[in-house]
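User: I am new to this structure and would like to learn how to read its features one at a time. Could you walk me through some of them?

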Amino acid sequence: MIKLMLVDDHAVLRDGLKNILDLETDIKVVAEAVNGNDAIAKVKEEQPDVILMDINIPEKNGIEATSIIKQLYPSVKILMLTMYDHDEYFMSAIREGADGYLLKDAPSQQVVDAIRAVAGGQSVIHPTMTKKFLAFQQPKAAEPVEEKVEGALTGREKEVLLCLVRGMNNKEIAGSLYISDKTVKIHVSNIFKKLGVKSRSQVVIYAVQNQLVPLT
């Protein structure tokens, strides 16, 4: 059972999402929060597996709340659900550890599927944001590719990294590379440490942005 927390200051939207999610047998809404501070406090109380987080909320916004929650509870998955398709919000959310980024015009089934995906260790990015994501594939002149970081990855870690960029979960990576799930987890953890990232979405952004993997 996926324990979910809804974070949005609009009661109508929260009620609508809860009605949809109540129909799913594998997802249970265990908490609701109306602002960033409320969300941070309720994570400790309810220990959700996944948080569906709006950006434009009072006190601490969704990105600020995400940053704090990821520092305190790194295993909690956070899926942003927002109306904002601006580059700065998207990149900031990913940078602070968000595991996915959806826009509020996404069909309800896509939201449900995304919750399951991030709970299972995958990253999810709204199709509209994917185009913006790919726009970051060329390293900026002032920020050259860090060859020492790429060189620090072992051959196997580079293979796992490519699988992560392709959106594969741990079980799929294990099957593709003929290694155990436990070994995949170790490789993923090492990649996160070497690249200095907090989530799969963030590692994907970093890898493509710095051309660590082929895009085809």
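User: Which residues of helix 8 meet helix 10?

Analyst: In this predicted model, Arg156, Glu157, Val160, Leu161 and Leu164 in helix 8 meet His187, Val188, Asn190, Ile191, Lys194 and Leu195 in helix 10. Sorted by class, this contact has six nonpolar, two polar and three charged residues.

User: At what angle do helix 8 and helix 10 pack?

Analyst: Helix 8, residues 155–165, and helix 10, residues 181–195, pack at about 90 degrees, and their axes are 10 Å apart. Because angles from 65 to 115 degrees count as roughly perpendicular, helix 8 is described as roughly perpendicular to helix 10.

User: Which residues of helix 2 are buried, and why are they on the same side of helix 2?

Analyst: The general idea is that an α-helix has 3.6 residues a turn, so residues three or four places apart point the same way. In helix 2, residues 36–46, the buried residues are Gly36, Ala39, Ile40 and Val43. They are on the same side of helix 2 because they cover an arc of only 100 degrees around the axis. These buried residues pack against strand 1, strand 2, strand 3 and helix 3.

User: What is found at the start of helix 2, and what follows helix 2?

Analyst: At the start, a side-chain oxygen of Asn35 comes to within 3.1 Å of the backbone nitrogen of Asn37, while helix 2 is followed by Gln47, which has a positive phi near 50 degrees.

User: Is Leu21 buried or exposed?

Analyst: Leu21, which lies in helix 1, counts as buried because its relative accessibility is 2%.

Key:
Residues numbered from 1 in each chain as written. Predicted model: local features only at pLDDT ≥ 70, side-chain atom pairs only at ≥ 80, totals over all residues. Heavy atoms only, no water. Axes fitted to C-alpha atoms, helices over the stretch in contact; angles between N-to-C directions. Helix = DSSP H or I, 4+ residues; strand = E, 2+ residues; numbered from the N terminus. Parallel < 35°, antiparallel > 145°, perpendicular 65-115°, else oblique. Contact = heavy atoms within 4.5 Å. Nonpolar A, V, L, I, M, F, W, Y, C, P; charged D, E, K, R; others polar. Buried < 20%, exposed > 50% of the residue type's maximum accessible area, 1.4 Å probe, protein only. Arc of directions from axis to C-beta. Polar contact = N/O pair within 3.5 Å; in protein donor to acceptor, adjacent residues only side chain to side chain.
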